[in-house]
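I want to write down what I look up, one entry at a time, in the order in which I look.

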Amino acid sequence: MKRRYYFLAAGFVLLLIFHRPLLRALGNYLIVEDAKTKVDGLFVLSGNAFDRGEEAARLYHEGWAPKLICLGGETNPALELYGIYDKTAVMSEGVLKDAGVPPQDIELLPKGTSTFEEFEAIRDFCKERSWTKVMVVSSKFHTRRIDRFFRLRLHMEGIEIVLRGAPESDFRESEWWKSEPGLIFLNNEYIKNMYYWLRY
């Protein structure tokens, strides 16, 4: 009986000592990024228009993509309270323009209210344009799910993706557990990863 208590106590001490690396590993697992390379175009996924738009603009100015395509067919319920019914694609467009991207290099694709619908929109857009290599920008913690769901399916259509993650402005990915937004985001992503794994 005493031995069991010793093991429990030792386990608790180890958890106290190594909890930061373990928590950091949980976050790092969700991040999948490819090396930057030139592509036919860059897709900004819907969601956090500011952070994703800022990252997309940075990549554009570095010369990795000649065209930026903003996705997102949903509106923001919080903004609707103030009479703003712009779709996420339009909000991302505004961030890109504010970041100095010329309007002629931005296209709107106001489709998609989920990762699955955005995949379909990107696939169809690329096939219409005969694009074979594209960059996809989303939040860093969203990249694992995109990698699992997008990469093979697009590869089967003859389309290669370069996946890049935008850092969050509400929390640091390396210390996600220190803020409520980080806790919520990580928890939601693990649930959504499980959902997509079971359904698709």
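Which residues of helix H4 (residues 88-98) are buried? I went through the helix and noted Thr88, Ala89, Ser92, Glu93, Val95 and Leu96 as its buried residues. I keep in mind that this is a predicted model. Looking down the axis of H4, I found that these buried residues fall within an arc of 160°, so they line one face of the helix.

Entry: I then asked what covers the buried residues of H4. The cover includes strand S1 (41-44), helix H2 (49-61), strand S2 (68-71) and strand S3 (106-109).

Entry: I picked Thr88, which has its place in helix H4, and read a relative accessibility of 3%, so Thr88 counts as buried, the cut-off being under 20%. Leaving aside neighbours within four places in sequence, I listed Ser46, Gly47, Leu71, Gly72 and Glu74 as the residues in contact with Thr88. Val90 also lies in helix H4, but with a relative accessible area of 30% Val90 is partly exposed. I noted too that the C-alpha atoms of Val90 and Pro110 are separated by 7.6 Å, although these residues are 20 apart along the chain. Just after H4, I found Gly100 with a positive phi of about 90°.

**Entry: H2 against H4.** How do I describe a pair of packed helices? Two packed helices are described by the angle between their axes and the distance between the axes. For H2 and H4, I wrote down an angle of about 45° and axes 8 Å apart, which makes H2 oblique to H4. The crossing in which H2 passes H4 is right-handed. On the side of H2 the contact is made by Ala49, Phe50, Gly53, Glu54, Ala56 and Ala57, and on the side of H4 by Met91, Ser92, Val95 and Leu96. Sorted by class, I have 7 nonpolar, 2 polar and 1 charged residues in this contact.

**Entry: H6 against H7.** I turned to helix H6 (residues 143-156) and helix H7 (residues 180-199), whose axes come within 10 Å and cross at roughly 10°. An angle under 35 degrees counts as roughly parallel, and H6 and H7 are therefore roughly parallel to each other. In this pair, Arg144, Arg145, Arg148 and Phe149 of H6 meet Glu189, Lys192, Asn193 and Tyr196 of H7. The residues of the contact divide into 2 nonpolar, 1 polar and 5 charged.

**Entry: a residue in a loop.** Where is Ser130 found? I located Ser130 in the loop between helix H5 (115-129) and strand S4 (133-139). Ser130 has a positive phi of about 60°, although this residue is not a glycine. I also read a relative accessible area of 57% for Ser130, and since exposed means over 50%, I marked Ser130 as exposed.

**Entry: the whole chain.** Last, I stepped back and counted 7 helices and 5 strands in the chain, which follow the pattern α-β-α-β-α-α-β-α-β-α-β-α when read along the sequence. Of the 200 residues in the chain, 40% are buried. Among contacts between residues at least 6 apart in sequence, I noted that 76% join residues at least 24 apart.

How values were computed:
Residues numbered from 1 in each chain as written. Predicted model: local features only at pLDDT ≥ 70, side-chain atom pairs only at ≥ 80, totals over all residues. Heavy atoms only, no water. Buried < 20%, exposed > 50% of the residue type's maximum accessible area, 1.4 Å probe, protein only. Helix = DSSP H or I, 4+ residues; strand = E, 2+ residues; numbered from the N terminus. Arc of directions from axis to C-beta. Contact = heavy atoms within 4.5 Å. Axes fitted to C-alpha atoms, helices over the stretch in contact; angles between N-to-C directions. Parallel < 35°, antiparallel > 145°, perpendicular 65-115°, else oblique. Left-handed = near helix turned anticlockwise from the far one by under 90°. Nonpolar A, V, L, I, M, F, W, Y, C, P; charged D, E, K, R; others polar.
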